[in-house]
Amino acid sequence: MSSFPVSTEKENQLNQRMASLGVREGDIEESFVRSGGHGGQNVNKTSTCVMLLHRPSGMQVKCQETRQQGLNRFIARRLLLDKIEEKQKGFVAAKRSEIEKIRRQKRKRSRRAKDRMLADKSRHSEKKQFRRPGPTD
């Protein structure tokens with residue numbers, strides 16, 4: 001019997017990945033809490049949110065993506081392995097720069113930048129005005 005509601009192939013991949021990273025099931029402390037957000041009465045009444053703590057590294061992951069506790073357990077383990085792999089392999093700098101890039105993109109533009117952008121747009125529209133065919137004689 002499978003311990004997660006996923007195919008045995010996916011579960012085997014997870015076990016292989018855990019073995020390759022040196023993560024044992026005994027090192028993981030698992031707790032369940034009530035979810036929040038979408039899901040209606042189900043998430044309010046049942047503890048579908050999964051929290052994992054990897055004791056040796058101190059990393060913690062929380063997953064409430066689905067309404068099924070079993071599937072959340074599987075996804076949380078994958079997220080934890082991603083975090084551990086990032087730390088071990090040193091992908092942290094790349095991930096941090098990607099987060100910074102997204103933050104800069106979402107940041108509100110300054111008034112000067114807005115004015116400059118609007119001036120460029122009006123200049124571009126003036127150029128396009130000259131491309132239009134003139135009145136026919």
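Reader: Is Leu81 buried or exposed in this structure?
Author: The model is a predicted one, in which local features need pLDDT of at least 70, side-chain atom pairs count only at pLDDT 80 or more, and totals for chains, interfaces and linings use all residues. Residues are numbered from 1 along each chain as its sequence is written, and side-chain values use heavy atoms, with hydrogens and water left out. Buried means under 20% relative accessible area, exposed over 50%, and partly exposed in between, with a 1.4 Å probe and protein chains only. Leu81 has a relative accessible area of 2%, and therefore counts as buried.

Reader: Which residues does Leu81 touch, not counting residues up to four places away in sequence?
Author: Leu81 is found in helix H3; helices (H or I, at least four residues) and strands (E, at least two) are DSSP runs, numbered from the N terminus. With contact taken as heavy atoms within 4.5 Å, the residues touched by Leu81 are Leu14, Arg17, Met18, Leu21 and Val23.

Reader: At roughly what angle do the axes of helix H1 and helix H3 cross?
Author: Axes are lines fitted to C-alpha atoms, for helices over the stretch in contact, and angles run from 0 to 180 degrees between N-to-C directions. The axes of H1 (residues 8-21) and H3 (residues 69-89) come within 11 Å. Their crossing angle is roughly 30°.

Reader: Is H1 roughly parallel or roughly antiparallel to H3?
Author: Angles under 35 degrees count as roughly parallel, over 145 as roughly antiparallel, 65 to 115 as roughly perpendicular and the rest as oblique. The crossing angle is roughly 30°, so H1 is roughly parallel to H3.

Reader: How many disulfides are there?
Author: A disulfide is counted as a pair of cysteine sulfur atoms within 2.5 Å. The cysteine sulfur closest to that of Cys49 belongs to Cys63 and lies 7.2 Å away, which is too far for a bond. Cys49 is buried at a relative accessible area of 0%, and Cys63 is buried at 1%. The number of disulfides is 0.

Reader: Which residues is Asn42 in contact with, leaving aside its neighbours within four places in sequence?
Author: Asn42 belongs to helix H2 (residues 41-45) and is partly exposed, at 25% relative accessibility. From Asn42 to Arg67 the C-alpha to C-alpha distance is 7.3 Å, and the two are 25 residues apart in sequence. The residues in contact with Asn42 are Thr48 and Arg67.
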